[in-house]
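Here is a brief report on one chain. It covers a helix, a core and a few side-chain pairs.

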Amino acid sequence: MDGSPDIERALRLPGPIIASASQSPYLIGREAVLLGQRLRQGQQTARMVLVPVTLVTRDNLAAYRGWQSPLPSAGSR
């Protein structure tokens, strides 16, 4: 699940797994730090924050950067 390395391996093999919704630990952590900074400065923040997910399938697996990929640039979201 969540685009883990195990799912990447499973998608390369025939079987019942056809997709995984992938979250980015880097983006989740980055957003948490930014929210923490805002809260510490006394700013209001949203009660719910959405971090984009990617659907990983056999068709797009070759382009999937995975959990171990470097942190996207600051402008990426």
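## Helix α1 and Glu8

Helices here are DSSP runs of H or I with at least four residues, numbered from the N terminus. The model is predicted. Helix α1 spans residues 5-11 and includes Glu8. Is Glu8 buried or exposed? Glu8 is buried, because its relative accessible area is 15% and the cut-off for buried is under 20%.

Beyond its neighbours within four places in sequence, Glu8 contacts Gly3, Leu61, Tyr64 and Gly66.

## Salt bridges

How many salt bridges does the structure hold? There are two. One joins Arg9 to Asp6, with the closest N and O atoms 2.2 Å apart. Both residues sit in helix α1, three residues apart, about one turn of the helix. Arg9 is partly exposed at 48% relative accessibility. Asp6 is exposed, at 51%.

The other pairs the side chains of Glu8 and Arg12, at 4.0 Å from N to O. Side chains of opposite charge can pair when their charged atoms come close.

## Nonpolar core

The largest nonpolar core has five residues: Ile7, Leu11, Val56, Leu61 and Tyr64. In soluble globular proteins, nonpolar side chains tend to be buried together.

Leaving out residues up to four places away in sequence, Tyr64 touches Asp2, Gly3, Glu8, Ser22 and Val56.

## Trp67

Trp67 lies in the segment after β2 (54-57). Trp67 is partly exposed, with 29% relative accessibility. The C-alpha atoms of Trp67 and Pro25 are 6.9 Å apart, although 42 residues separate the two along the chain.

Conventions. Residues are numbered from 1 along each chain as its sequence is written. This is a predicted model: local features need pLDDT of at least 70, side-chain atom pairs count only at pLDDT 80 or more; totals for chains, interfaces and linings use all residues. Side-chain values use heavy atoms; hydrogens and water are left out. Helices (H or I, at least four residues) and strands (E, at least two) are DSSP runs, numbered from the N terminus. Buried means under 20% relative accessible area, exposed over 50%, partly exposed in between (1.4 Å probe, protein chains only). Contact means heavy atoms within 4.5 Å. A nonpolar core is a set of buried Ala, Val, Leu, Ile, Met, Phe, Trp, Tyr and Cys residues joined through side-chain atoms within 4.5 Å.
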